[in-house]
Amino acid sequence: MSDSLMPHSLADVPGLRVDPVSFAELTTLRLGGTPRLGVRCATQEAIVAACSLIDGPFLVVGGGSNLVVAEGSLDLTAVILENSSVTFGSDGLVRAEAGAVWDDVVAGAVERGLGGIECLSGIPGSAGATPVQNVGAYGAEISDVLTQVKLYDRETGSVSWEPASSLELAYRYSNLKFTQRAVVLEIELQLTTDGLSRPLRFGQLAGEAGERRPVAEVRSEVLALRRGKGMVLEPEDHDTWSAGSFFTNPIVPSAVADAVRARVAEERGKEDAARMPAWPAGDEVKLSAAWLIERAGFPRGYPGEGAPARLSTKHTLALTNRGSATADDLIALARDIRAGVLSAFDVTLEPEPVWVGASI
Ligand SMILES: Cc1cc2nc3c(=O)[nH]c(=O)nc-3n(C[C@H](O)[C@H](O)[C@H](O)COP(=O)(O)OP(=O)(O)OC[C@H]3O[C@@H](n4cnc5c(N)ncnc54)[C@H](O)[C@@H]3O)c2cc1C
C-alpha cells in the first residue's frame, strides 16, 4: 500500500476489528493476561496497516497454540491474523494466507489427492505459523514442501515473496522464531499430484519406510495416532489444553547420549537402556524429551489429581491446564520437570513454545 493510501488510525482500516481479548481466550493453554488491545485482521492489507499504525510493541497471534503468556496486563497489542483464503492449483501449487487454519489446508489438499503434508494433519494453529518453527510430525516437516513465503518486514515495512531457503529452516527452528523480524502474510507449498503421500519415514505409521501410500489413509492414521496422545485439540479434553510438545528433543554430543544410557542401565536395567530412542543429528544425537522426562521420574498426569497444571495423562511431553491453572502454575511445573531431567541426566531441556512476558 502506498503511503498516501495508508489509513491514519486503526479505526479507519478496512478489514480490521478492534477487540478486547485476553490471552486466556487466544491460546490453547487458555492461560495469560490481557494485551493493551487486540486487533483482528481479515486481510493482508489490514495486517500491514495494523503493523505500521500500532504504537508500541505488538505480538502476532495465529491459533495461539505455541504461546506461553504471563498473567496480568501486558504492554503489547495482539495482532490476530484472520486472513484465510487458500487456493489449490491442479499442478499441486498451494497458496494459503497466514490466518487460514492449518488443518483445513491439510484436509483440502488431501481431498484433492495432493501429497506432502498428510503427516502434518491435526497440528493446531495457523498456516502462517508453520514456517515459524518449521512444524513437523511423523517424519515430515513443512520445510519439505515450502517453496516461498510472503513476508512483511517489521523493520523496513516492505512486503515481498522470499524463498523458503532464506528462513534457515531446521528442527523446530527458523530465523522468524523468537525474533519477530517479519510477519508471514501467506505461504506457498509445492505438493505432489498423484494421490500418494511423501515417502513415509516414521515407524509408527503402517507400511515400509520409504513407501508412498494414499494420502487420505495416511491422514486418518496420523489423526488417530495424534488423538491417542491428546495431540488434537478437543475442547472437552484437558489433556489437549496444552502447547503440544512443551520441550524440544535435545540434540547432544554422543558422549552425553552414552552417559544417559549408562545412567538408565544402572537405575532401570540394561533392557530399558537398550530401548533408549536416539536418532542421528549431524555429528550429534537427538534424544526423546518425553522418554527422558519419564525416566527422570515424571509419569503421565504428574503431579497428580488436584494439581491445576499437570503432565497430560496421555503424553509426558505435554504440560496441561486442567481448567483452573494460572501461567505461574504451568511455569512452576515446567521448571520442576526441567530441573528433574537436568539432575537425573545432566541434559537441559529447552522449551518449544514462545514465551511472552515470562521465562522458564
Ligand atoms: C495439541 C497440540 C499439538 C501440537 N503438535 C505439534 C506438532 O506435532 N508439531 C509441531 O511442530 N507443533 C505442534 N504444536 C505446536 C503448534 O501447534 C505449532 O507451533 C503451530 O504452528 C503454532 O501455530 P499458531 O498459529 O497457533 O501460532 P501462535 O501460537 O499463535 O504463535 C506462535 C509464534 O509464532 C508467531 N507467529 C504466528 N503466526 C505468525 C505469522 N503469520 N508470522 C510471523 N510470526 C507468527 C507468534 O508471534 C508466536 O511467536 C502443537 C500444539 C498443540 C496445542
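Colleague: Which residue stands opposite Lys286 in E15?

Modeller: In this predicted model, Ile251 is the residue that stands opposite Lys286 of E15. Two strands are taken as paired if at least two bridges are found between them, and here 2 bridges join E13 to strand E15, residues 284-287, with the two strands running antiparallel.

Colleague: What is the order of the strands in this open sheet, and which strands stand at the edges?

Modeller: The open sheet has 3 strands in the order E13-E15-E14, with antiparallel pairing. Strand E13 (251-252) and strand E14 (278-281) each have a single partner strand and stand at the edges, so one side of each is left without a neighbour in the sheet. Helix H5, residues 254-268, lies across E13, E14 and E15, and runs at about 45° to E15.

Colleague: How should I read the packing of helix H3 and helix H4, and at what angle do they pack?

Modeller: The angle is taken between N-to-C directions and runs from 0 to 180 degrees. Here helix H3 (residues 102-111) and helix H4 (residues 215-228) pack at about 150°, and their axes are 9 Å apart. Asp103, Val106, Ala107 and Val110 make the contact on the side of H3, while Val215, Ala216 and Arg219 make it on the side of H4. By class, the residues of this contact are 5 nonpolar and 2 charged, with no polar ones.

Colleague: Turning to the ligand, how many residues surround it, and which are the closest?

Modeller: The ligand is surrounded by 34 residues, of which the closest are Val60, Gly62, Gly63, Ser65 and Ser126. The shell divides into 18 nonpolar, 13 polar and 3 charged residues.

Colleague: Which backbone atoms lie by the oxygen atoms of the ligand, and what is found at a nitrogen atom of the ligand?

Modeller: A backbone N or O atom of Val60 lies 2.6 Å from an oxygen atom of the ligand, and a backbone N or O atom of Pro124 lies 3.0 Å from an oxygen atom of the ligand. A polar backbone atom of Gly136 is 2.8 Å from a nitrogen atom of the ligand. Of the 970 Å² of accessible area that the ligand has on its own, the protein covers 95%. Strand E3 (58-61), strand E8 (136-137) and strand E12 (182-190) are the elements that give two or more residues to the shell.

Colleague: Which backbone details deserve a look, and where is Phe178 placed?

Modeller: Phe178 is not a glycine, yet has a positive phi of about 70°, and its place is in the loop between strand E11 (159-163) and E12. The peptide bond from Tyr302 to Pro303 is cis, with omega near 0°, and Pro303 is found in the loop between helix H7 (289-295) and strand E16 (309-311).

Methods: Residues numbered from 1 in each chain as written. Predicted model: local features only at pLDDT ≥ 70, side-chain atom pairs only at ≥ 80, totals over all residues. Heavy atoms only, no water. Helix = DSSP H or I, 4+ residues; strand = E, 2+ residues; numbered from the N terminus. Contact = heavy atoms within 4.5 Å. Near = heavy atom within 4 Å. Polar contact = N/O pair within 3.5 Å; in protein donor to acceptor, adjacent residues only side chain to side chain. Areas by Shrake-Rupley, 256 points an atom, 1.4 Å probe, with all protein chains shown as cover. Nonpolar A, V, L, I, M, F, W, Y, C, P; charged D, E, K, R; others polar.
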